[in-house]
Amino acid sequence: MPTARRASVRRLDPHLGSSASSSSSSCPRAGDPPVDALDRHFALEIPRVFSEAERAALVAGVEAARDEWTADFGGEQFSLGRAFYTHLEQGRSRLYFADAAASDARVERRLPGLQRRMRELVAALTGGLAQPRRGFCGPGVHIFPAGEKVAREGGVVHFDTEGLSDYHLSRRLRAITVVVMLDLPDADGGLKLWDVLYDGRDDPGDEALSTRSLIAGYSPGGALVIDSYRLHQIQPFRGDRDRISATVHAAEIDRGRWETWF
């Protein structure tokens, strides 16, 4: 379960996340893809994926869409666009798939271009094709309210393997999670990463939690990229500001071909 990776976060060129540097989510890029650095580091950081003006506009769009947020776990957290893992854990997977097209339409109406930009970022990171996963919801936004359970206690310690098929898991095909921070809480709220990769057990146990770890911070409009098989946890945060982040999951289903979802 422990790995030989450095307990570090590698900082990438901020232009990687710009729309100019990733002209199409269907155009592969030459050279060694940045995602390969996850073989040597706990996470990748890309500053300024969204400019300050873009970030502020996205936050305003999320807040204006409050009546369209999906409430999860009794209001402990919300999303704009349906998230697969929350629906799976609440026994609402049928609703997730039934509403996928409408979910994407809501996100596009409220946050024009966000889903495209998140797929472009996956393409830039992987050097491959980044395409929507058929039947699943596209990239969306998580809102963790100030003062609620995650703010007080932190999130659940977990791997991002819920959306991966048994075929994918058994062959340990590559998968990544990309989170762009749209609005930071007043203090804390980073992402704790352990030197532990998924080995088939959803509950890693106390031994895994005692391995080396680090807390990766976020910058406004910047992204963190992790291996979806890496153990991680959202840290508690303080203040009156919600923690708002855009997320896309991606899995390599064929060499250089990635499917994306939320």
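Glutamate 68 and arginine 109 join their side chains in a salt bridge, with N to O at 2.4 Å. The model is predicted. This pair ties together distant parts of the chain, 41 residues apart. Glutamate 68 sits in the loop between α1 (52-64) and β3 (70-72), while arginine 109 belongs to helix α4 (residues 100-110). Are the two partners buried or exposed? Glutamate 68 has a relative accessible area of 17%, which is under 20%, so it counts as buried. Arginine 109 has 51%, which is over 50%, so it counts as exposed.

**Other salt bridges**

The count of salt bridges comes to 19. Arginine 133 and glutamate 259 form one of them, with their closest N and O atoms 4.0 Å apart. This pair, too, links distant parts of the chain, 126 residues apart. Arginine 133 lies in the loop between β5 (129-132) and β6 (140-144). Glutamate 259 lies in strand β15 (residues 257-261). Arginine 133 is buried, at 16% relative accessible area.

Arginine 201 meets aspartate 199 in another salt bridge, at 2.7 Å from N to O. Arginine 201 is partly exposed, with a relative accessible area of 46%. Aspartate 199 is also partly exposed, at 38%. Elsewhere, Glu52, Arg55, Asp183, Asp186 and Arg241 belong to one network, joined by salt bridges that share partners.

| Salt bridge | N to O distance |
|---|---|
| Glutamate 68 – arginine 109 | 2.4 Å |
| Arginine 133 – glutamate 259 | 4.0 Å |
| Arginine 201 – aspartate 199 | 2.7 Å |

**An open sheet**

In what order do the 3 strands of the open sheet run? The order is β10-β9-β12, and the pairing is antiparallel. The edge strands are β10 (213-216) and β12 (230-234), each pairing on one side only. From one strand to the next, the twist averages 25°. Strand β9 (residues 191-197) is joined to β10 by 4 bridges. Lysine 192 has isoleucine 215, in β10, as its bridge partner.

**The chain as a whole**

The chain holds 8 helices and 15 strands. Its radius of gyration is 17 Å, close to the 18 Å that the globule rule gives for 262 residues, so the chain is as compact as a globular protein of that length. Along the principal axes, the C-alpha atoms fill a box of roughly 45 × 40 × 35 Å.

Of the 262 residues, 54% count as buried. The accessible surface is about 11600 Å², and carbon and sulfur atoms make up 48% of it. Among contacts with a separation of 6 or more, 81% come from residues 24 or more positions apart.

Conventions: Residues numbered from 1 in each chain as written. Predicted model: local features only at pLDDT ≥ 70, side-chain atom pairs only at ≥ 80, totals over all residues. Heavy atoms only, no water. Pairing = 2+ DSSP bridges. Helix = DSSP H or I, 4+ residues; strand = E, 2+ residues; numbered from the N terminus. Axes fitted to C-alpha atoms, helices over the stretch in contact; angles between N-to-C directions. Rg over C-alpha atoms; globule rule 2.2 N^0.38 Å. Buried < 20%, exposed > 50% of the residue type's maximum accessible area, 1.4 Å probe, protein only. Contact = heavy atoms within 4.5 Å. Areas by Shrake-Rupley, 256 points an atom, 1.4 Å probe, with all protein chains shown as cover.
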